[in-house]
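Welcome! Have the sequence and the 3D view ready, and try each task before you read its solution.

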Amino acid sequence: MALIVQKYGGTSVGNTGRIKNVAARVARRRAEGDQVVVVVSAMSGVTDNLIKLAREIMPLPVEREMDVLLATGEQTTMALTAMALHALNVPAVSLTGAQAGILTDGVHTKARIHNITPKKVHDLLDQGNVVIVAGFQGQTTDGHITTLGRGGSDLTAIALAAALKADLCQIYTDVDGVYTADPRIVPTARKLEEISYDEMLELAGLGAKVMQSRSVEFAKKFGVTFEVRSSLNDNPGTIVKEETRSMEDVVVRGVSLDKNQAKITLVAVPDKPGVSARVFKALGDANLNVDMIVQNISHGSGSPATDLSFTLDKPDLLKARAVIDGLKKDVRYQEAIADEKIGKLSIVGVGMKSHTGVAGKMFETLANEGVNIEMISTSEIKISVVIRLDKGEQAMKAVHAAFLGS
Ligand code: ADP
Ligand code: ASP
Ligand code: MG
């Protein structure tokens, strides 16, 4: 008898017909004698809609209340999924994240899991139940509801698989697995049989929303091998696991495009020690994640000034603006310009460690497409560029064709 954690994403539970499909799949697995824990997301569109409602009340709602609101999405699905199993005569019990023993820190809307005490889950499984757990949520030690960042049901599944020492962790979604690029943008993208944690981590962090990046980080840390596959067919998916030797033979594993980035430029910041520290300390204190940073060369000789640009997630823009506006008196920049029309295009592969000429080929491909590069950042296994958003998909297709074929 195996213990299996299966996670079903928003589209897979998008309507009652899909929820019945999930129940049928789970029932089949249980009939084979396995214990099944099912992690569910909110039905597709529900979380977005709740965010929209909150913003109709006020632009920057208190984050604690956002979490109370957003956690309801997954709670709807968990109860409906339990009912769908009951309709098939399968005993099933649904649990909120808190009831499942998921404890987090208090950083509302982006909480990190501290620990999981899955005693109740074990007890209910041992009594013969399928256990349905609401994804994306937990609670603080003081009992406040928290959520784990967008796409956080992936993290619930992987963290539960680790805590339960599950034999198998399967992430069911609306595509057959992890592709060389988002198949909705690049029709020639190919499904990967396997991918290393590090590559998946980079792709996820750079816009391939098929997996939440924090969940991959967690899987790597605790050595949870998992499979990404479709809830709509029985095709084998993609195995995400520790890097193996042969993986380095492939230079570029995948291409991703993050359309969810924004850029802030502080114009004419005084070029003197401590200014960057003040700006990025203030952003960090507000729990804002800054990604790329570029500082131009100094201009002016009397009191030299420089332009300072950085990128961050688009949903954080309003909050970041408030922090930056609050620094105006202290930092004395001339103006702050926000730009939401950027995209971040990246190529990722562990093979880059041992191959040369990759950046040159990427930049040449972009030049041939007439795409201007505004910012560049690299690591051992990735190259990212910031470009105009409206050129993003064209650039992605061209770069995919250059490295992965068309
Ligand atoms: P779920 O609701 O199941 O969590 P998501 O919408 O979060 O599903 O993630 C699945 C989507 O991720 C796919 O529909 C696909 O468009 C997108 N995606 C982006 N990049 C990739 C990629 N490299 N491989 C597969 N899917 C990708
Ligand atoms: N419902 C949440 C979201 O849309 C979490 C998830 O689906 O994983 O981000
Ligand atoms: Mg998702």
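## Exercise 1: helices α8 and α9

Helix α8 and helix α9 cross in a right-handed way (a crossing is left-handed if the near helix is turned anticlockwise from the far one by less than a right angle, and right-handed if clockwise). Before going on, note that this is a predicted model, in which local features need pLDDT of at least 70, side-chain atom pairs count only at pLDDT 80 or more, and totals for chains, interfaces and linings use all residues. Residues are numbered from 1 along each chain as its sequence is written, chains are lettered from A and ligands numbered from 1 in the order in which they are written, and side-chain values use heavy atoms, with hydrogens and water left out.

Task: find which residues of α8 and α9 meet.

Solution. 
- Step 1. Locate α8 at residues 275-285 and α9 at residues 317-331; helices are DSSP runs (H or I, at least four residues), numbered from the N terminus.
- Step 2. Look at the axes, which come within 10 Å and cross at roughly 145°. Axes are lines fitted to C-alpha atoms over the stretch in contact, and angles run from 0 to 180 degrees between N-to-C directions.
- Step 3. List the partners: V275, R278, V279, A282 and L283 of α8 meet A320, V323, I324, L327, D330 and V331 of α9, where contact means heavy atoms within 4.5 Å.
- Step 4. Sort them by class: nine are nonpolar, none is polar and two are charged. Here Ala, Val, Leu, Ile, Met, Phe, Trp, Tyr, Cys and Pro count as nonpolar, Asp, Glu, Lys and Arg as charged, and the others, Gly among them, as polar.

## Exercise 2: the ligands

Task: find which residues are closest to ligand 1, and which residues are around ligand 2.

Solution. 
- Step 1. Ligand 1 is surrounded by 18 residues, the closest being T173, D174, Y179, D182 and R184; a residue counts as near if one of its heavy atoms lies within 4 Å.
- Step 2. A polar side-chain atom of T173 is 2.7 Å from an oxygen atom of ligand 1.
- Step 3. Around ligand 2 are S41, A42, T47, E74, F136, R150, G151, G152 and S153.
- Step 4. A polar side-chain atom of R150 sits 2.7 Å from an oxygen atom of ligand 2, and a backbone N or O atom of G151 is 2.9 Å from an oxygen atom of this ligand.

Notes:
A polar contact is a pair of N or O atoms within 3.5 Å; within protein, one must be able to donate a hydrogen and the other to accept it, and residues adjacent in sequence count only if both atoms are side-chain atoms. Helices (H or I, at least four residues) and strands (E, at least two) are DSSP runs, numbered from the N terminus.
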